[in-house]
Protein chains: 4
Amino acid sequence: MLNEKQDALCAQSEWDFSSLRALFINRTLKRSPAVSHTQGLADVALEIMGKNGVQTDSVRLVDHTIAFGVYPDMTEHGWPKDEWPAIYPKVQAANVLIIGTPIWLGEKSSVCTMLIERLYAMSAQLNDEGQYAYYGKVGGCIITGNEDGAKHCSMNILYSLQYLGYVIPPQVDAGWIGEAGPGPSYLDEGSGDPENDFTQRNVTFMTWNLMHLARILRSQDGIPAHGNQRSKWDAGCRFNHPNPLYR
Amino acid sequence: MLNEKQDALCAQSEWDFSSLRALFINRTLKRSPAVSHTQGLADVALEIMGKNGVQTDSVRLVDHTIAFGVYPDMTEHGWPKDEWPAIYPKVQAANVLIIGTPIWLGEKSSVCTMLIERLYAMSAQLNDEGQYAYYGKVGGCIITGNEDGAKHCSMNILYSLQYLGYVIPPQVDAGWIGEAGPGPSYLDEGSGDPENDFTQRNVTFMTWNLMHLARILRSQDGIPAHGNQRSKWDAGCRFNHPNPLYR
Amino acid sequence: MLNEKQDALCAQSEWDFSSLRALFINRTLKRSPAVSHTQGLADVALEIMGKNGVQTDSVRLVDHTIAFGVYPDMTEHGWPKDEWPAIYPKVQAANVLIIGTPIWLGEKSSVCTMLIERLYAMSAQLNDEGQYAYYGKVGGCIITGNEDGAKHCSMNILYSLQYLGYVIPPQVDAGWIGEAGPGPSYLDEGSGDPENDFTQRNVTFMTWNLMHLARILRSQDGIPAHGNQRSKWDAGCRFNHPNPLYR
Amino acid sequence: MLNEKQDALCAQSEWDFSSLRALFINRTLKRSPAVSHTQGLADVALEIMGKNGVQTDSVRLVDHTIAFGVYPDMTEHGWPKDEWPAIYPKVQAANVLIIGTPIWLGEKSSVCTMLIERLYAMSAQLNDEGQYAYYGKVGGCIITGNEDGAKHCSMNILYSLQYLGYVIPPQVDAGWIGEAGPGPSYLDEGSGDPENDFTQRNVTFMTWNLMHLARILRSQDGIPAHGNQRSKWDAGCRFNHPNPLYR
């Protein structure tokens, strides 16, 4: 699946990423087993990470019954079923989160928006330092469509991730939109794109930058807890760190 | 200028940020000496950084004659004057870049867009590792308006910064938009906002997260140069690092 | 529910809007009977239209089981249930469509995006003239939140509507976002907003502009069918109108 | 310049558009005489309108010295020169306004944003009926780039136009962005795009819809002045129309 350059980069790496976990959440509107072009592009990133020892996992959100809402568990708010609480631990465990979405009418999918709403619902859960739940993690996105709108979707997804507490490394949106007007999709025969150097370079740089930053943050035990602790700000008193490890 | 909590955070910090430099670029449409509300909010961030030993600088772009265009020096493309080449070294020297913009009709200012175009013009200049010019730096933004649109402006500014090579730490957009409809601006008497806890918390968290990530990246000599070097990707050959320092 | 100015405008109108139908689709994430602040603001528009003889209807989308997807009927694509085909005739019958959405994280709701996807799925159904299905109708939107993002949501919703074939009259987005930071929502006691002149003026102008344009378009039998017929463009031959009524 | 279908549509039209005026404002960053790809696509729209008797005009904004700001004449606010007041009468005279912009980093150009700011500055000038200055006019946009972002730019431009008082007819954004990644621009040899059926259909439908709506609005003397008059709303008294012409 990887091209020659991507293979060489894996073979020649001198970094150890084996303590990292990555999660790809696919927000295609198409249920399994229909082909997801978004998955096709994401698989390149997952393959690179896997070759570097990163433990990877994928969730296809539309295959699950997720309720609408902005609370952690919507069965407590009148919905008969909600599989989100079962998926969230995967998000918690992952150092790297990649969100994938198709483009419809120049916009990310409704399933993508729903995921952001549910991630948002969890952000009030602070970590042991009193920082928001997603501090210390990194995020990126993968966009596919056959027309236009990849940057527009990325703007919103990456904004939401940083708002929730993720670090956004450089150039962590990779996409494919084909030529002007409707046309073949990423995995369709003749799309020419699994070989498109622009798209392959973007997905490669994205993947390495996600791994580099995730490794660095992990080596620092996350983002230093000073000046960004919701619990201490609200308490309004002493901000210096009680943990001798940090002195 | 700082409130009690902000002062306490500075006094109680155990981190050393004194090797960092920060630059604030204000894209207000109003020339000096008119009051810039965007500057008013940015000054809080600059004051926090200054108290932590960060060397800070501000540029009010509209006070300079900047040409339109996407080349490094527009005087080579028919414009009589262009002060951008004289400002760019400040951007190069800064570990932290904060972009400030007012909101007009729900959108960042034209001066803000112009700055992004000129930053973009420089991105082809690779660093010694063959990475894009802005790798290893962190970016954030400050938005003020009296109506609506802060998140919309942030989405675009932060997206552009990560696209150019900046790392985006968590929650690095701080803004103030007042209540529904037109009304007083940030520094206007009675706006109530220099005391607004929401705005002050956001600008505080933003500033500390920018400092933390900038310090971490500086301690790592930037983002590891592997999998993200434009020059090596284009050459298409050996990616492992020739510099013994990194082995 | 209407204030004095809004009542006076209804009483003094000299136009006849009684042949029009209007549909409000609410994309709140909250199921009935929870209070929807978006509905609260929309009710002002519906009341004005009702007083002018417009036949109005409301749908709260989250109370129905709508499948994800971009086909007219998703039960033909593996979904067990899909109530969209039963709702669509209301859209077809309406001269005026108003879309309402709350704001989460600066973005319209996932239910709102889902509705646009389903409207899009129907756009290939051409009218008798070979124009897209929504030609001759007008659209607007109502946005409520307690922070920021009304214009950002409107940009996308109104863009999508015009893309699908709707005419967008002037100033047809009305919203309410309260003061900086989280706070009371539109219908909450003390929000001050049912009396906010800015919001009430916007919803009033929106409503009248929707009625004026819908009436004008109806009086013209829609948008003249020349230069905008998908069927004739694809056939590529004779474009002049065969219908003697139009000569 | 027109293809066979476009020529046939002009030849077979039965509508009279000869009382209309259209203005195209090009916000390319490139000064004359550099080739503007945006102009290349706009010329198709202008040619169609010209063949239908519409009086057309073009302004290339970057060739003029326009000051930054949100006041009608910035020389009254400290700027040495401002040619906007000399251009504005062309906007006032035009029934149809088409705004053209290139895409940089997924966003409309800074010159485009500047134009919107200056249009906004004029919106407080009410017409004889007390409506905002741009009521009764129609607007559209033309976007060209070689990567991605056409819909994102259109969303903002069309939103701004409707906010200012323009009517937005269906499908009035036409663009060209080529295939994935950087590549040839619209007028470059081998871009294949002057022949791209998707782009040509869009620009054709846009042009006809702009003409149809402009003609209809002109035939109605603009948008009926009731429920949308700023002056009367602020005065808060009698809204019925004093002008016997309207009774």
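User: Does Val44(D) count as buried or exposed?

Analyst: This is a predicted model, in which local features need pLDDT of at least 70, side-chain atom pairs count only at pLDDT 80 or more, and totals for chains, interfaces and linings use all residues. Residues are numbered from 1 along each chain as its sequence is written, with chains lettered from A and ligands numbered from 1 in the order in which they are written. A residue is buried if 20 or more other C-beta atoms, placed from the backbone, lie within 10 Å of its own, exposed if 12 or fewer, and partly exposed in between. Because Val44(D) has 22 C-beta neighbours inside 10 Å, the residue counts as buried.

User: Which residues does Val44(D) touch, not counting those up to four places away in sequence?

Analyst: Val44(D) lies in helix H2 (residues 37-51) of chain D, helices being DSSP runs of H or I with at least four residues, numbered from the N terminus. Two residues are in contact if their C-beta atoms, placed from the backbone, lie within 7 Å. By that criterion, Val44(D) touches Met1(D), Leu2(D) and Val203(D).

User: Which helix gives the most to the side of chain C that touches chain D?

Analyst: The contact takes 45 residues from chain C and 44 residues from chain D. On the chain C side, helix H1 (4-11), helix H5 (150-164) and helix H6 (197-219) each supply at least two residues. The one that gives the most, with nine residues, is H6(C).
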